[in-house]
Amino acid sequence: MSDIGDWFRSIPAITRYWFAASVAVPLVGKLGLISPAYLFLWPEAFLYRFQVWRPVTATFYFPVGPGTGFLYLVNLYFLYQYSTRLETGAFDGRPADYLFMVLFNWICIVITGLAMDMQLLMIPLIMSVLYVWAQLNRDMIVSFWFGTRFKACYLPWVILGFNYIIGGSYPMDLGGRNFLSTPQFLYRWLPSRRGGVSGFGTPPASMRRAADQNGGGGRHNWGQGFRLGDQ
């Protein structure tokens, strides 16, 4: 148990709470402590019955069962891997910026969910974070199942198809104007430690340095790839 505790405490804070909620809420529904009917995002219940908790519970809830357990575990793995890599990589030292990005993605997904009657939001939010990671590392070569290898920019679409098969877009362009900035109250709550990403549309410092070294043209060689799950 101490090993599990040490591993859990080693997860960066935002990813740790997100991961914990994504385990706890499905468990609560599975044990029947709260009826799963209260955990889905139903537009009528949210808009007309003022059940305001539904966008939150729908983000963490997943109906785990014999036919969905594998899909749930795979996406829980994606949450842990790619949220951790973003929080400790491009957003390292800037938890407020990372939390703001996740919240912005979540708001967009909730609005889309209400409009399109999406009752579960766990996988869309995980996919949005994976998409951001893939765009920041778009030229990195990754390996998927059965030895397939491709650039990271294609990973979200591969996983989207994978989820569709076993379970029966958020555009971001690095560079240009900074249209969204992290609110100052998040900086007061989660102070930055050192440089990194600030807001949307601005590449991280490492990418700017690489562009400068290459004369501002071409793409950076991100080096050797890795297999999913390797640190």
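Residues are taken as buried when their relative accessible area is under 20%. By this criterion, the buried residues of helix α2 in the predicted model are I14, T15, R16, W18, F19, A21, S22, V25, P26 and G29. The elements that cover these residues include α1, α4 (54-60), α5, α6 and α7 (122-136). Over the chain as a whole, which has 231 residues, 45% of the residues count as buried.

The secondary structure of the chain consists of ten helices and three strands. Read from the N terminus, the elements follow the order α-α-α-α-α-α-α-β-β-α-α-α-β.

Helix α2 has 19 residues, and the distance from its first C-alpha to its last is 27 Å, close to the 27 Å expected at 1.5 Å a residue. The residue that follows α2 is G32, with a positive phi near 80°. Helix α5 has 20 residues and spans 28 Å from its first C-alpha to its last, again close to expectation, which is 28 Å at 1.5 Å a residue. Of the 20 residues of α5, 16 are buried, so this helix is largely enclosed by the rest of the structure.

Two packed helices are described by the angle between their axes and the distance between the axes. For helix α2 (residues 13-31) and helix α6 (residues 95-116), the angle is about 40° and the axes are 10 Å apart. The contact brings I14, T15 and W18 of α2 together with P95, Y98 and L99 of α6. By class, five of the residues in this contact are nonpolar and one is polar, while none is charged.

Residue A96 also belongs to helix α6. Its relative accessible area is 0%, and A96 is therefore buried. The C-alpha atoms of A96 and I14 are 9.6 Å apart in space, although the two residues are 82 residues apart in sequence. When neighbours within four places in sequence are set aside, the contacts of A96 are with T182, L186, Y187 and L190.

Aromatic side chains were examined for ring pairs, taken as rings whose centres lie within 6.5 Å. By this rule there are eleven aromatic pairs. In the pair of W7 and Y80, the ring centres are 5.4 Å apart and the planes stand at 50°, so the pair is tilted. W7 is located in helix α1 (residues 2-10) and Y80 in helix α5 (residues 69-88), so this pair ties together parts that are 73 residues apart in sequence. W7 is partly exposed, with a relative accessibility of 35%, and Y80 is buried at a relative accessible area of 17%.

A further tilted pair is formed by Y77 and F78, with ring centres 5.7 Å apart and planes at 55°. Y77 has a relative accessibility of 28% and counts as partly exposed, whereas F78 is buried at 4%. Ring pairs join Y77, F78, Y82 and W133 into a cluster.

Charged groups are also placed over aromatic rings. The charged end of R85 sits over the ring of Y82, at 5.1 Å from the ring centre; Y82 is one of the residues in the cluster described above. In helix α2, R16 is among the buried residues, and its charged end sits over the ring of Y17, 5.5 Å from the ring centre.

Backbone geometry was considered at two loop positions. Most residues other than glycine have a negative phi, and most peptide bonds are trans. F50 has a positive phi, near 60°, and is not a glycine. This residue, F50, is in the loop between α3 (43-48) and α4, and F50 is exposed, with a relative accessibility of 63%. D117 has a positive phi of about 60° and is likewise not a glycine. The position of D117 is in the loop between α6 and α7. With a relative accessible area of 45%, D117 counts as partly exposed.

Notes. Residues numbered from 1 in each chain as written. Predicted model: local features only at pLDDT ≥ 70, side-chain atom pairs only at ≥ 80, totals over all residues. Heavy atoms only, no water. Phe/Tyr/Trp six-rings, centres within 6.5 Å; stacked < 30°, edge-to-face > 60°. Helix = DSSP H or I, 4+ residues; strand = E, 2+ residues; numbered from the N terminus. Buried < 20%, exposed > 50% of the residue type's maximum accessible area, 1.4 Å probe, protein only. Lys NZ or Arg CZ within 6 Å of the ring centre and 35° of its normal. Axes fitted to C-alpha atoms, helices over the stretch in contact; angles between N-to-C directions. Contact = heavy atoms within 4.5 Å. Nonpolar A, V, L, I, M, F, W, Y, C, P; charged D, E, K, R; others polar. Expected span 1.5 Å × (residues − 1).
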